[in-house]
Amino acid sequence: MKRAVLVVDMIHDFVYGKFGSERAQRVVPCVKELLARAREKGLPVIYLRDAHKKGDKELEVWGEHAMKGTKGSEIVPEIAPQKGDYVLEKTRYSSFHETGLDKLLDELGVKEVIVAGVTTDICVRHTAADAFFRGYSVTVPTECVQTISDEAQCNALDEMKKLYNAKVVSLSKVIL
Ligand code: ZN
């Protein structure tokens, strides 16, 4: 089954900036390892990043963050995209909402997505849900996702397992 890695919102505002945290920073080396292994195998690497415009519905909930064209929306340098990677901008929690991701995955022949990034209970979860609704298999490496607390992390991982049949596995067990 052809796989691709989705890197969700590993951007300045969610790692170091406005909504940044030590917990989010913890996943950076793990995502880096995942990406190195994926590239070695020739798997497509697709970055999804928040890039909001004034007036976006989501800003009513969270205030301004990850505004398009600002540093806040930039992917953190440790795992910057490399030649051949894909970078899609998003304006909602789900990486599938008006981003062209579904079409891209279809063109690449991808049937399974490995979802990494932040936060586990919001954008990762909504992305996993939409992937499942569209017929993709979902894998979530536990060390490659994070959110605000251990409890939120556990709940989100459990729900993705239960609701979307996601394979929630440690990074060393991820099949690429
Ligand atoms: Zn946002």
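This note sets out, point by point, the side-chain features of a predicted model.

1. R3 and E112 meet through their side chains in a salt bridge, with 3.1 Å from N to O. This pair links distant parts of the chain: R3 belongs to strand β1 (residues 3-8) and E112 to strand β4 (residues 112-118), 109 residues apart. E112 also forms a salt bridge with K167, where the closest N and O atoms are 3.3 Å apart.

2. K167, at 41% relative accessibility, counts as partly exposed.

3. **A salt bridge between exposed residues.** The rule used here gives a count of 15 salt bridges. One of them joins K57 and E60, whose closest N and O atoms are 3.2 Å apart. K57 and E60 are both exposed.

4. By the ring-pair rule, the count comes to six aromatic pairs. The pair of F14 and F19 is stacked, with 6.1 Å from centre to centre and 15 degrees between the planes. F14 counts as buried at 13% relative accessibility, whereas F19 counts as partly exposed at 32%. Ring pairs link F14, F19 and W62 into a cluster.

5. **The nonpolar surface patch.** F19 and W62 also belong, together with V61, to a nonpolar surface patch of about 270 Å². V61 is located in helix α3 (residues 59-62). The relative accessible area of V61 is 57%, so this residue is exposed. F19, at 32% relative accessibility, is partly exposed; this value is over the 30% required of a patch member.

6. **The F132 and Y164 pair.** The ring centres of F132 and Y164 are 6.0 Å apart and the planes stand at 40 degrees, so the pair is tilted. This pair links distant parts of the chain, as F132 is in helix α5 (residues 120-133) and Y164 in helix α6 (residues 150-164), 32 residues apart. The relative accessibility of F132 is 35%, which means that F132 counts as partly exposed. Y164, at 9%, counts as buried.

7. **T127 in helix α5.** T127 is found in helix α5. Its relative accessible area is 0%, and T127 is therefore buried. The side chain of T127 reaches the backbone oxygen of C123 at 2.7 Å. Leaving aside residues up to four places away in sequence, T127 touches L6, V8, Y93, S94, S95, F96 and V115.

8. **S73 in a loop.** S73 lies in the loop between α3 and β3 (86-90). With a relative accessible area of 2%, S73 is buried. A polar atom of the S73 side chain lies 2.7 Å from the backbone oxygen of D50. D50 is also among the residues that S73 touches when those up to four places away in sequence are not counted; the others are I11, R49, A51, A66 and M67.

9. **A24 in helix α2.** A24 is part of helix α2 (residues 22-40). A24 counts as buried, at 4% relative accessibility. Residues up to four places away in sequence being left out, A24 touches M10, F14, V15, V118 and Q146. Among these contacts is F14, which is also stacked with F19. The C-alpha atoms of A24 and E89 are separated by 20 Å, and these residues are 65 places apart along the chain.

Notes. Residues numbered from 1 in each chain as written. Predicted model: local features only at pLDDT ≥ 70, side-chain atom pairs only at ≥ 80, totals over all residues. Heavy atoms only, no water. Patch = residues over 30% accessible without salt bridge, like charges linked within 9 Å, V, L, I, M, F, W, Y side chains within 5 Å. Areas by Shrake-Rupley, 256 points an atom, 1.4 Å probe, with all protein chains shown as cover. Salt bridge = Lys/Arg side-chain N within 4 Å of Asp/Glu carboxyl O. Helix = DSSP H or I, 4+ residues; strand = E, 2+ residues; numbered from the N terminus. Buried < 20%, exposed > 50% of the residue type's maximum accessible area, 1.4 Å probe, protein only. Contact = heavy atoms within 4.5 Å. Phe/Tyr/Trp six-rings, centres within 6.5 Å; stacked < 30°, edge-to-face > 60°. Polar contact = N/O pair within 3.5 Å; in protein donor to acceptor, adjacent residues only side chain to side chain.
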